[in-house]
Structures are given as structure tokens and as C-alpha cells.
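Colleague: Before I use these labels, I would like to hear the grounds for each.

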Amino acid sequence: MSALDERKTKILKAIIQTYLETGEPVGSRTISKYTDLNLSSATIRNEMSDLEELGYIIQPHTSAGRIPSDKGYRFYVDELMEEKDREVSEMKNFVIERTEKMEHVLKQVVKMLAVNTNYATMITAPQYQHGKLKFIQLSAVDAEQMLAVIVLEGNIVKNKIIRLEQQIDTEEVLKLNLLLNTTLNGLAVNEINLAIITKLKEQAGIYSDIITRVLDAIAESVGEDENLEIYTSGATNIFKYPELSDSTRASELISAFEEKKLLAELVNDTLSDEENTGIQVYIGNETPIQTMKDCSVVTATYELGEGMKGTIGIIGPKRMDYENVMVNLKTLKTQLDGIFKSPPGKQ
């Protein structure tokens with residue numbers, strides 16, 4: 001591939017970005033409106049002629065503007081991937097150094113993906129397939145309340161306030177902590193049977209009501225993880241594509257993004273295949289979401305270990321740049337895996 005100077009690179013990117021937005025051949029006058037180029041139409045025409053001779057753009061009709069060639073798309077995608085790798089690397093450093101909140105990271109990831117692709121995007125928080133208990137910590141808040149810190153598989157921490165019917169001293173709290181952790185650690189909720197509950201209550205004695213409330217809090221905590229959290233971005237990108245922008249189609253697609261219930265169907269379809277950790281492409285009626293029958297949907301599954309999986313998705317027109325999207329997803333999937341994994345020697 002011939003090397004391009006900075007000016008030709010900017011013009012080629014402008015042509016491709018404009019064509020992806022409009023689906024129409026791009027002329028020099030349109031490109032001259034890009035404020036950061038500051039070039040005359042004549043200069044741009046000369047540069048476009050050079051780009052055509054080099055094989056990066058083609059002219060579909062004699063009097064028409066230019067559209068990207070496969071070679072042009074490849075150059076654009078490679079450039080985009082380099083930029084995206086830098087952005088993800090910066091994001092990764094930001095996450096490790098300044099925050100441990102997964103929600104914040106996922107929102108940034110999905111926003112960045114929407115900007116890079118010009119399509120509607122979504123990402124789910126990872127789902128925890130087993131929901132086993134790792135640790136329980138009880139501590140008194142005051143005479144009437146106790147805090148239960150419940151740590152689930154995947155190092156998910158849930159805090160629950162438990163009302164007390166009677167006061168309890170520090171020594172008794174320690175005994176309950178020992179009893180609960182000895183009996184319940186490593187168990188899934190459905191493994192906590194009547195025999196285990198009866199034994200716990202007997203050993204807790206006069207504090208058996210606390211055991212009941214703790215078990216309720218555990219069940220509630222695990223149940224919360226069944227509510228799939230989906231973050232979306234770039235829904236308004238739909239209006240950039242004429243085939244999706246009529247009022248009915250656009251309204252249905254926007255509603256699907258706002259309500260997110262339909263997106264959950266797509267996610268469940270993707271995650272239902274336990275062997276699927278790659279990229280899936282749904283074209284038109286192949287998608288489980290009826291309102292997306294005029295779209296293409298590309299999804300990828302990311303894994304964070306300990307049975308945790310999530311889904312990244314991109315929704316756009318059937319004429320989407322599949323190559324760009326798939327390279328984008330593959331790179332992001334790999335980078336995302338690393339964001340939440342501890343660096344060597346750190347926990």
C-alpha cells in the first residue's frame with residue numbers, strides 16, 4: 001500500500017466519513033467545507049485525482065463524486081484501529097488508576113464505539129452464571145440496624161441493611177459471621193436447602209431471626225444480578241441513514257433502545273450458545289428483534305473469567321461497513337477483557 005501524506009490522509013478520511021453518513025458519492029465542494037482542512041476546492045480536486053490514481057477512491061459515474069474503494073476502506077479501518085487502540089489503552093489506564101466502577105467504564109466503551117462506527121451501539125454488564133457466595137460480613141450500624149456485606153462470585157459486592165428486633169453485642173456478631181461463612185461459602189442460592197437453614201437457625205439460637213433476614217438478603221442480592229444491565233449509545237446515528245430514518249422505522253428502533261427489553265432478547269440469544277465467544281452477524285430477519293428487520297446487527301461476547309460474560313453489539317443499516325465493524329469489535333473485545341483483569345502481582 002502506498003504511503004499517504006497528511007493532507008491526502010485527511011481528505012480520504014473526510015470522503016469515507018461523508019460517504020458512510022450519506023451513502024452518496026462525495027464531491028470536492030463537500031470536502032472543502034471541512035473546517036480543519038482549510039483547502040480550496042481546486043486543491044482538493046487535485047488531491048482526489050491523486051487518490052483515485054493510487055486506487056483509494058473511485059468515480060462511479062462520469063459527473064459524480066467519488067466513493068471509497070476496498071483499498072480506501074482498508075486504509076481507513078487500519079487508521080481507525082490505531083486510533084481506537086490508543087483510546088482504549090488510555091481508558092484502561094484511567095480505569096486502573098482512578099476508578100473501579102464497571103458501570104462508568106462500560107458507558108465510556110459504548111460511547112466510544114458509537115463515535116468510531118457511526119452506528120447505534122450497546123454493551124451489557126457481565127452476567128454471573130452461577131451466583132455463588134464467596135463471603136458474608138455482618139457489622140452493627142446501631143442498636144436497630146445491621147449491615148450485611150455479601151460478596152458473590154465475580155467479586156460482586158452487595159450491601160443490605162437488616163433490621164434488628166433486639167440488640168446484639170460485638171461478640172455475638174462475630175459468632176454469626178463465623179457460622180454463616182463456615183456453612184454458606186461456596187454455595188449457590190439453590191443449594192441452600194431446608195436442612196442447611198434449619199441447622200443455621202438452631203446454632204444461631206435467639207438470633208435465628210437474623211439468619212432469616214440474612215438469607216433473604218442473599219436471595220435478593222443474587223436475584224438482582226438476573227436483571228440484565230444494558231448501556232446504549234449512538235441511537236441518533238440511525239437518522240444518518242435514509243433507509244432507516246423514516247418516522248416509523250426510526251421510532252421503533254429508538255424505542256427498542258430506550259426500553260431495552262427487546263435488546264435483552266438479542267443478548268440472551270447471543271449468550272445462550274455457551275460455545276460462542278466470537279462474533280455473530282444478524283442480517284435483516286435473522287435478528288430476534290422484529291423492529292430491527294431492516295438492519296444488520298453484529299455482536300461479540302466478551303469474558304471476564306469466573307463465569308462472567310457480556311455482549312457488545314452494533315446496529316446499523318444492511319450496507320454497514322462490516323469489515324470495519326468486525327475489526328472494531330475484535331479489538332475492543334480483546335481490550336475489554338484486559339480492562340477488568342488485575343495486572344500481574346495485583347489483586
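This is a predicted model: local features need pLDDT of at least 70, side-chain atom pairs count only at pLDDT 80 or more; totals for chains, interfaces and linings use all residues.

Modeller: Residues are numbered from 1 along each chain as its sequence is written, and side-chain values use heavy atoms, with hydrogens and water left out.

Colleague: Why is Gly284 called buried?

Modeller: Buried means under 20% relative accessible area, exposed over 50%, partly exposed in between (1.4 Å probe, protein chains only). Gly284 has 3% relative accessibility, so Gly284 counts as buried.

Colleague: Why is the pair of Tyr56 and Phe75 called edge-to-face?

Modeller: Rings of Phe, Tyr and Trp (its six-membered ring) pair if their centres lie within 6.5 Å; planes under 30 degrees apart count as stacked, over 60 as edge-to-face and the rest as tilted. The centres of Tyr56 and Phe75 are 5.7 Å apart and the planes stand at 75°, so the pair is edge-to-face. Tyr56 is buried at a relative accessible area of 0%, and Phe75 is buried at 10%.

Colleague: What makes the pair of Tyr119 and Tyr241 tilted?

Modeller: Their ring centres are 5.6 Å apart and their planes at 35°, so the pair is tilted. Tyr119 is buried at 3%, and Tyr241 is buried at 1%.

Colleague: What is the charged end of Lys71 placed over?

Modeller: The ring of Tyr56, 4.6 Å from its centre. The rule asks for NZ of Lys or CZ of Arg within 6 Å of the ring centre and within 35 degrees of the ring normal.
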